[in-house]
Amino acid sequence: GLPISTYAKYCYRKLQKVAITGGKKGLRKPTVEEIMHARNAIVTPSLFGSSLEEIMLRQQDMYPGNKLPWVQTQLSQQVLALGGEQTEGIFRIPGDIDEVNALKLQVDQWRIPSSLSDPNIPASLLKLWYRELEEPVIPQQFYKECISNYENPDAAVAVVQLLPELNRLVLCYLIHFLQIFAQPSNVGRTKMDVNNLAMVMAPNCLRCQSDDPRVIFENTRKEMSFLRMLIVHLDTSFIKGLV
């Protein structure tokens, strides 16, 4: 009963995202449940690929007091609950793609299965959530300021304070989360020091708009350095206990 324009707009948005991120990967064909979920997503937006504002609006009925996206806090907590901070190659080694897709389906229905055992599964899905946000955690209008201050700790921290409140909270939660993994006692187990963490997470927070390979290559280094500055220097102590 929906007008054709609703389907057209939805398909156009999906096509734009596929052009940027590529198609869904996996060995098996979509399940009936996944197909039904995709149909429902036309009317009920997914927690993946939406804007932060849309996600917060969606969770208003279920978690009205939450200041952060439920999907962000739940997946982060799952990584830690499964011992991710003691897992070698966490965030670098991808989880089984079909298991990640299955978890994505569950999370989009506000469920976290109790059967999870591999921290790489929620870790991979968490990276995907950040990467698929309609607008990156650090909005596009702050991109130039970030890569201009990639070597200046005070200036990098100052950029964070300029972000819209929701983006600032989401970014600070992420940095606080990464700071756990950056602790020397955990790095010894994960082999993921602050440089490695910045390398795997920067592309999920900042998006270079240039098509020039040289600019992309140069900016990738600056993006990593900027995120590294935040992991090392940003005070995120206020995040503890915030949901």
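**Entry 1: the model**

I noted at the outset that this is a predicted model.

**Entry 2: salt bridges**

I began with charged pairs. Side chains of opposite charge can pair when their charged atoms come close. How many salt bridges does a search of the whole structure find? The search gives five.

I took Arg-58 and Asp-108 to start with. Their side chains form a salt bridge with an N to O distance of 4.0 Å. Arg-58 belongs to helix H3, residues 52-58, while Asp-108 sits in the loop between helix H5 (97-107) and helix H6 (120-132), so this pair ties together parts that are 50 residues apart in sequence. Arg-58 is partly exposed at a relative accessible area of 23%. Asp-108 has 5% relative accessibility and is buried, because the cut-off for buried is under 20%.

Next I looked at Arg-168 and Glu-165. The salt bridge between their side chains has an N to O distance of 3.2 Å. Both residues are in helix H9 (residues 165-181), three residues apart, so about one helical turn separates them. Is Arg-168 buried or exposed? Arg-168 is buried, with a relative accessible area of 16%. Glu-165 is partly exposed at 46% relative accessibility.

The next pair I noted was Arg-221 with Glu-218. Their side chains meet in a salt bridge at 2.3 Å, N to O. They lie three residues apart in helix H12 (residues 213-233), which puts about one helical turn between them. Arg-221 is partly exposed, with a relative accessible area of 42%. Glu-218 is also partly exposed, and its relative accessible area is 31%.

**Entry 3: H9 against H11**

I turned to helix packing. Two packed helices are described by the angle between their axes and the distance between the axes. For H9 and helix H11 (residues 194-205), I found that the axes come within 12 Å and cross at roughly 165°. The two helices are therefore roughly antiparallel, since angles over 145 degrees count as such. The crossing of H9 with H11 is right-handed. Which residues make the contact? On the H9 side I listed Leu-174, Leu-178 and Phe-181, and on the H11 side Leu-197, Met-201 and Cys-205. Sorted by class, this contact of H9 with H11 has six nonpolar residues, no polar and no charged ones.

**Entry 4: H6 against H11**

I looked up H11 again, this time with H6. The axes of H6 and H11 come within 7 Å and cross at roughly 35°. Lys-127, Tyr-130 and Arg-131 of H6 meet Val-200, Met-201 and Asn-204 of H11. The residues of this contact of H6 with H11 divide into three nonpolar, one polar and two charged. I noted that Met-201 is listed in the contact with H9 and in the contact with H6.

I went on to single residues. Asn-186 lies in helix H10, residues 184-190. Asn-186 is buried, with 6% relative accessibility. What does Asn-186 touch, not counting residues up to four places away in sequence? I found Glu-85, Gln-86, Ile-180 and Phe-181. Phe-181 is also one of the H9 residues in the contact with H11.

Asn-66 is in the loop between H3 and H4. At 18% relative accessibility, Asn-66 counts as buried. Leaving out residues up to four places away in sequence, Asn-66 touches Met-56, Gln-59 and Val-243.

**Entry 5: Ala-81**

Ala-81 is part of helix H4, residues 70-81. I found Ala-81 exposed, with a relative accessible area of 60%. From Ala-81 to Pro-184 I noted 103 residues in sequence and 19 Å in space, C-alpha to C-alpha.

**Entry 6: positive phi**

I ended with backbone angles. Most residues other than glycine have a negative phi, and most peptide bonds are trans. Trp-110 has a phi near 60°, a positive value in a residue other than glycine. Trp-110 is found in the loop between H5 and H6, and is buried at a relative accessible area of 15%.

The phi of Lys-191 is near 60°, again a positive value in a residue other than glycine. Where is Lys-191 found? Lys-191 is in the loop between H10 and H11. Lys-191 is partly exposed, with 47% relative accessibility.

Conventions
Residues numbered from 1 in each chain as written. Predicted model: local features only at pLDDT ≥ 70, side-chain atom pairs only at ≥ 80, totals over all residues. Heavy atoms only, no water. Helix = DSSP H or I, 4+ residues; strand = E, 2+ residues; numbered from the N terminus. Buried < 20%, exposed > 50% of the residue type's maximum accessible area, 1.4 Å probe, protein only. Axes fitted to C-alpha atoms, helices over the stretch in contact; angles between N-to-C directions. Parallel < 35°, antiparallel > 145°, perpendicular 65-115°, else oblique. Left-handed = near helix turned anticlockwise from the far one by under 90°. Contact = heavy atoms within 4.5 Å. Nonpolar A, V, L, I, M, F, W, Y, C, P; charged D, E, K, R; others polar.
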